[in-house]
Amino acid sequence: MRRVMVIDESRCVGCEACVLACKNENNVPAGFYRDWVTQELRGSYPNLSLSLRSERCNHCEAAPCVTNCPTGASYYRGDGTVQIDRDLCTGCRACMAACPYDARYLHPEGYVDKCTLCVHRLDRGLPTACEAVCPTKAIAVGDLDDPRSEVAVRVGRSSAYVLAPEAGTQPNLWYVRKE
């Protein structure tokens with residue numbers, strides 16, 4: 001199994017329901033976020049387009065946060081996700097410095113935190129909190145190794161891409177560009 005998330009930019013309306021659902025589901029403290037919505041202006045005047053994109057941890061296959069964690073607190077779960085063992089985390093922030101996506105933050109309780117892809121929900125057969133509340137169904141989570149899955153179909157589109165491919169992290173967070 002290779003769990004991935006695919007976000008269709010043509011469906012995202014920037015409502016931030018995903019951000020609020022994540023904060024609520026994971027008890028994220030005020031002022032901190034595990035996911036966020038960005039705006040990207042493309043083109044040149046008068047041919048401009050605005051892209052809205054929900055971003056978070058990319059759950060990379062070659063995650064620099066894992067290789068740079070001195071305590072082993074950041075680790076691969078084996079299902080395509082990268083997790084943090086809070087008990088092993090010293091809050092040194094080495095993983096934060098290594099992440100090219102700026103997807104981690106230091107929790108006020110002293111450990112580093114980030115998106116877990118709601119594995120606690122997925123393991124029970126439930127969708128991630130952000131996927132469950134997305135009013136336009138822009139977010140899909142599934143097994144990329146299953147060619148019939150919605151995520152495999154979305155990633156197979158010619159407009160599918162990952163952020164910062166030059167970083168060599170092999171992200172498991174995909175986007176589908178407006179066509």
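Predicted model: local features only at pLDDT ≥ 70, side-chain atom pairs only at ≥ 80, totals over all residues.
**View 1. Arg157 and Asp8 meet in a salt bridge.** The side chains come together at 3.5 Å, N to O. This pair links distant parts of the chain, 149 residues apart. Arg157 sits in the loop between α6 (150-155) and β9 (160-161). Asp8 belongs to strand β1 (residues 3-8). Asp8 counts as buried, at 3% relative accessibility. Arg157 counts as partly exposed, at 32%.

**View 2. A salt bridge joins Glu25 and Arg121.** The N to O distance is 3.3 Å. Glu25 lies in helix α1 (residues 17-25) and Arg121 in helix α4 (residues 119-122), so the pair ties together parts that are 96 residues apart in sequence. Arg121 has a relative accessible area of 14%, under the 20% cut-off, so Arg121 is buried. Glu25 has a relative accessibility of 28% and counts as partly exposed.

**View 3. Asp146 forms a salt bridge with Arg148.** The closest N and O atoms are 4.0 Å apart. Arg148 has a relative accessible area of 73%, over the 50% cut-off, so Arg148 is exposed. Asp146 is partly exposed, with a relative accessible area of 26%.

**View 4. A network of salt bridges links five residues: Glu9, Glu40, Arg42, Arg53 and Glu55.** For context, the structure holds 18 salt bridges.

How values were computed. Residues numbered from 1 in each chain as written. Heavy atoms only, no water. Helix = DSSP H or I, 4+ residues; strand = E, 2+ residues; numbered from the N terminus. Buried < 20%, exposed > 50% of the residue type's maximum accessible area, 1.4 Å probe, protein only.
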